[in-house]
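Okay, thanks for making time, everyone. I'd like to walk you through one model today, so let me put it up on the screen.

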Amino acid sequence: MGSPVGCMSEPAGRVHGIRQKILAGHLPKENCRMTWYGPGTGGVCVACEQPIAADDVEVECDLPTGGTIRLHRGCYDIWVAEWPTCDVG
Amino acid sequence: MPVTIVVIDDSEEYRLIVRGLLRSVHDVTTFVGDAASGAEGLALVRRERPDMVITDLVMPGLDGVELTRRIRLELPKTKIILMSADIEDAYRLMASDSGADAFVSKQMITRTLLPVIGDVVRREAEALDREAKKLLGLSPARKK
């Protein structure tokens, strides 16, 4: 069985890494138009850059502005919790 | 207030699985009924006007995609979660085009359905919050 999130092992580091990506504009700051939850398809998680194994839960997010991003479920949960708090400056 | 939910699937097994999962969160959800076909399901949705519909994608007669389109037209605020054992790209595209809020693989339903319900409810709450702030002139753009 894959790890709970399938990516960075240290939670604080994982949160920090995802937050940095949001602040740098590498991850969007918007809610998904539609999400797909299913088994990992072997793609790479846009948040932690690790592969999403078949026994991990993969979330695919269709963005309202177009395009689709793919994340581990654990990374998705962190991203949706963090992006609304990233409106700095 | 609990989220009212209708379940539609021609498979009795999956209707029972979903009902069982909902039972574990009965404090925040209320199961209001289920149906074994798209047509029966549409009639139930029209009658009950639930907050959320969890429906199978592939069903004889009125399938999940067409059902989603009809519910979207008649009850645009109702949230819709599609589920399917078929997860090929073509099915995902159909689900996305239908206007559903989420699509869940039946292969992982016991691990994913409750988080998906929570995710859809959260997105709706955030959208309402943003709308309220905009109306009250509290959005960053209006403050400037």
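Starting at the N terminus, the elements of chain A go α-β-β-β-α. That's two helices and three strands. Before I go on, please keep in mind that this is a predicted model. Chain A has 89 residues, and 38% of them count as buried. If you look at the contacts in chain A with a separation of 6 or more, 61% come from residues 24 or more positions apart.

Now, the sheet. What's the strand order in the open sheet of eight strands? Reading across, you get β3(A)-β2(A)-β1(A)-β5(B)-β4(B)-β3(B)-β1(B)-β2(B), and the pairing is mixed. From one strand to the next, the twist averages 20 degrees.

Let's zoom in on β1(A). With β2(A), β1(A) pairs in the antiparallel sense, over six bridges. One of the pairs to look at there is Pro39(A), whose bridge partner in β2(A) is Val57(A). And the two chains meet within this sheet, too: β1 of chain A, residues 34-39, and β5(B) pair in the parallel sense over three bridges.

On to the contact between the chains. Here 18 residues of chain B are in contact with 10 residues of chain A. Which elements give two or more residues to the side of chain B that touches chain A? They are α4, residues 89-98, β5, residues 102-105, and α5 of chain B. Of these, α5(B) gives the most, with six residues. By class, that side of chain B has eight nonpolar, four polar and six charged residues.

So what about α5(B) itself? Buried residues in α5(B) are Ile109(B), Thr112(B), Leu113(B), Val116(B), Ile117(B), Asp119(B) and Val120(B). Notice that Thr112(B) and Asp119(B) are on that buried list. And what do the buried residues of α5(B) pack against? On the chain A side it's β1 and β2 (57-62), and within chain B it's α1 (12-23), β4 (79-84) and β5. After the helix comes Gly137(B), whose phi is positive, near 75 degrees.

Last stop, the core. The largest nonpolar core has 52 residues, and the members touching the most others are Ala47(A), Cys75(A), Ile81(B), Ala102(B) and Val104(B). Helix α5 of chain B, residues 109-135, turns up again here, with the largest share of this core, five residues.

Let me finish with Ala47(A). Which residues is Ala47(A) in contact with, leaving aside its neighbours within four places in sequence? You get Ile18(A), Lys21(A), Leu27(A), Leu71(A), Cys75(A) and Trp79(A). Cys75(A), as you'll recall, is another of the core members that touch the most others.

That's me done. Over to you for comments.

Key:
Residues numbered from 1 in each chain as written. Chains lettered and ligands numbered in written order. Predicted model: local features only at pLDDT ≥ 70, side-chain atom pairs only at ≥ 80, totals over all residues. Core = buried A, V, L, I, M, F, W, Y, C linked by C-beta atoms within 7 Å. Buried ≥ 20, exposed ≤ 12 C-beta atoms within 10 Å, placed from the backbone. Helix = DSSP H or I, 4+ residues; strand = E, 2+ residues; numbered from the N terminus. Contact = placed C-beta atoms within 7 Å. Nonpolar A, V, L, I, M, F, W, Y, C, P; charged D, E, K, R; others polar. Pairing = 2+ DSSP bridges. Axes fitted to C-alpha atoms, helices over the stretch in contact; angles between N-to-C directions.
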